[in-house]
Amino acid sequence: DSFDYRHVFPYTYEFKMHAKERWIGMTLLDLYLKEFPSKSEHYYKSAISGGTIRVNYHPKSQGYSIKAGDVLTHKIHRHEIPVNAEKIEILSESDNYLAVNKPSLLP
């Protein structure tokens, strides 16, 4: 079978978060390594030195010490997988629920 797919063009996304109390005094690198372990140390070092991880919208060093009130941002380039473009069938609908038959890749 041949299917049509919906595609999302790659895009830049910026994560934004305010410093949590438990982060105060941690270095920028240690914070990302401890709180977001899905990426490697090499990745975080490159992101900090390359300016895609910033504090208060300005590049900082890996050894920057997190302070109360800091705003941390992390820009990433996202690629989403194509999803099947089949029509979504409504199976049942009420005031509280909507039941649909949809492709499994659709959220």
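**Exercise 1. Identify the elements that each supply at least two residues to the lining of the largest pocket, and describe that lining.**

Step 1. β2 (11-18), α2 (41-50) and β5 (71-78) each supply at least two lining residues; helices (H or I, at least four residues) and strands (E, at least two) are DSSP runs, numbered from the N terminus. The model is predicted, so local features need pLDDT of at least 70 and side-chain atom pairs count only at pLDDT 80 or more, whereas totals for chains, interfaces and linings use all residues. Residues are numbered from 1 along each chain as its sequence is written, and side-chain values use heavy atoms, with hydrogens and water left out.

Step 2. β5 provides the largest share of the lining, three residues.

Step 3. The lining consists of F15, M17, Y32, F36, S38, K39, Y43, Y44, H74, I76 and H77. On a 1 Å grid over the protein atoms alone, a pocket is an open set of points where a 1.4 Å probe fits, with protein on both sides within 12 Å along at least five of seven lines; lining residues have an atom within 4 Å of a point.

Step 4. By class, seven of these residues are nonpolar, three polar and one charged. Here Ala, Val, Leu, Ile, Met, Phe, Trp, Tyr, Cys and Pro count as nonpolar, Asp, Glu, Lys and Arg as charged, and the others, Gly among them, as polar.

Step 5. The pocket holds about 220 Å³ of space, a volume being the space filled by probe spheres set on the points, which are joined across faces, edges and corners.

**Exercise 2. Give the order of the strands in the open sheet.**

Step 1. The order is β2-β5-β3-β4, with antiparallel pairing; two strands pair if DSSP finds at least two bridges between them. β2 and β4 (58-59) are the edge strands, each with a single partner, so one side of each has no neighbour in the sheet.

Step 2. Eight bridges join β2 to β5, and F15 has H74 as its bridge partner in β5. Both F15 and H74 also belong to the pocket lining.

Step 3. Three bridges connect β3 with β5, and V55 stands opposite L72 of β5.

**Exercise 3. Which residues touch the most other members of the largest nonpolar core?**

Step 1. Of its 16 residues, these are W23, L28, L31, Y32, I53, I66 and L72. A nonpolar core is a set of buried Ala, Val, Leu, Ile, Met, Phe, Trp, Tyr and Cys residues joined through side-chain atoms within 4.5 Å.

Step 2. Two or more core residues come from each of α1, α2 and β3 (53-55), and α1 gives the most, with four.

**Exercise 4. How many salt bridges does the structure hold?**

Step 1. There are two, a salt bridge being a side-chain nitrogen of Lys or Arg within 4 Å of a carboxyl oxygen of Asp or Glu.

Step 2. R22 and E35 meet at 2.9 Å, N to O. R22 lies in the loop between β2 and α1 (28-35) and E35 in α1, so the pair ties together parts 13 residues apart in sequence. R22 is exposed at 55% relative accessibility, whereas E35 is partly exposed at 23% (buried means under 20% relative accessible area, exposed over 50%, partly exposed in between, with a 1.4 Å probe and protein chains only).

Step 3. K45 and E41 meet at 3.1 Å, N to O. Four residues apart in α2, K45 and E41 are separated by about one helical turn.
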